Amino acid sequence: MGEYVASQLVKKMIKAGIAVNGSKVLMLGITFKENCPDVRNTKIVDVVKALQEYDIDITLYDPWADPAEVLHEYGLTSYKELPFGAYDAVFAGVGHNEFKAIHLENICKPVSVVYDFKKIF
């Protein structure tokens, strides 16, 4: 799943004219499922690792996940608060209720891609 989903996001970025190498992607969610703090057996990690192979700078935001647990289990840094930034792409991988309140125009670059895997937006 991880490689396929990552390749779909990369294709969308290329079609939008976004340089993939060195791009900034905001990953919404790292937990196993929506509105749950459990990060065990999450498939999002597979997507993150596949995207990292494209030299993409990934920021993980998950208000439900414990950042210390994510770091310990997967060696990844995650944030409980939405990080400020302008992103080339946003990937919604988990359907947390908090994500519905995000205003994409405030975090996306003028030319960007939103891959809404969980149909949040």
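The following legends describe close-up views of a predicted model.

The model is predicted, so local features are taken only where pLDDT is at least 70 and side-chain atom pairs count only at pLDDT 80 or more, whereas totals for chains, interfaces and linings use all residues. Residues are numbered from 1 along each chain as its sequence is written, and side-chain values use heavy atoms, with hydrogens and water left out.

View 1. Helices (H or I, at least four residues) and strands (E, at least two) are DSSP runs, numbered from the N terminus. The sheet is open and consists of 5 strands in the order 3-2-1-4-5, with parallel pairing; two strands are said to pair if DSSP finds at least two bridges between them. Strand 3 (78–79) and strand 5 stand at the edges, and because each has a single partner strand, one side of each is left without a neighbour in the sheet. Strand 1 (residues 24–28) pairs with strand 4 (residues 87–92) in the parallel sense over 4 bridges, and Val25 stands opposite Ala89 of strand 4.

**View 2. The buried residues of helix 2.** Helix 2 spans residues 44–52, and its buried residues include Ile44, Val45, Val47, Val48, Ala50 and Leu51. Here buried means under 20% relative accessible area and exposed over 50%, with partly exposed in between (1.4 Å probe, protein chains only). The buried residues of helix 2 pack against helix 1 (2–15), strand 1, strand 2 (57–61), helix 3 (67–74) and strand 4, where contact means heavy atoms within 4.5 Å.

View 3. Thr42 is placed in the loop between strand 1 and helix 2, and it is buried, with a relative accessible area of 6%. Not counting residues up to four places away in sequence, Thr42 touches Ile30, Thr31, Phe32 and Tyr74. The side chain of Thr42 also reaches the backbone nitrogen of Ile44 at 3.2 Å, which is listed as a polar contact (a pair of N or O atoms within 3.5 Å; within protein, one must be able to donate a hydrogen and the other to accept it, and residues adjacent in sequence count only if both atoms are side-chain atoms). Asn41 is found in the loop between strand 1 and helix 2 as well, but Asn41 counts as exposed at 60% relative accessibility, and its phi is positive, at about 60°, although it is not a glycine.

View 4. Asp116 is found in strand 5 (residues 108–116). Asp116 is buried yet has no salt bridge, the nearest side chain of opposite charge being that of Lys119, 7.5 Å away. A salt bridge requires a side-chain nitrogen of Lys or Arg within 4 Å of a carboxyl oxygen of Asp or Glu; Lys and Arg count as positive and Asp and Glu as negative, while His and the chain ends are not counted. A polar atom of the Asp116 side chain lies 2.8 Å from the backbone nitrogen of Ile120, and, leaving aside neighbours within four places in sequence, Asp116 is in contact with Ala92 and Phe121. Lys119 lies in the segment after strand 5 and is exposed, with a relative accessible area of 72%; its phi is near 55°, a positive value in a residue other than glycine.
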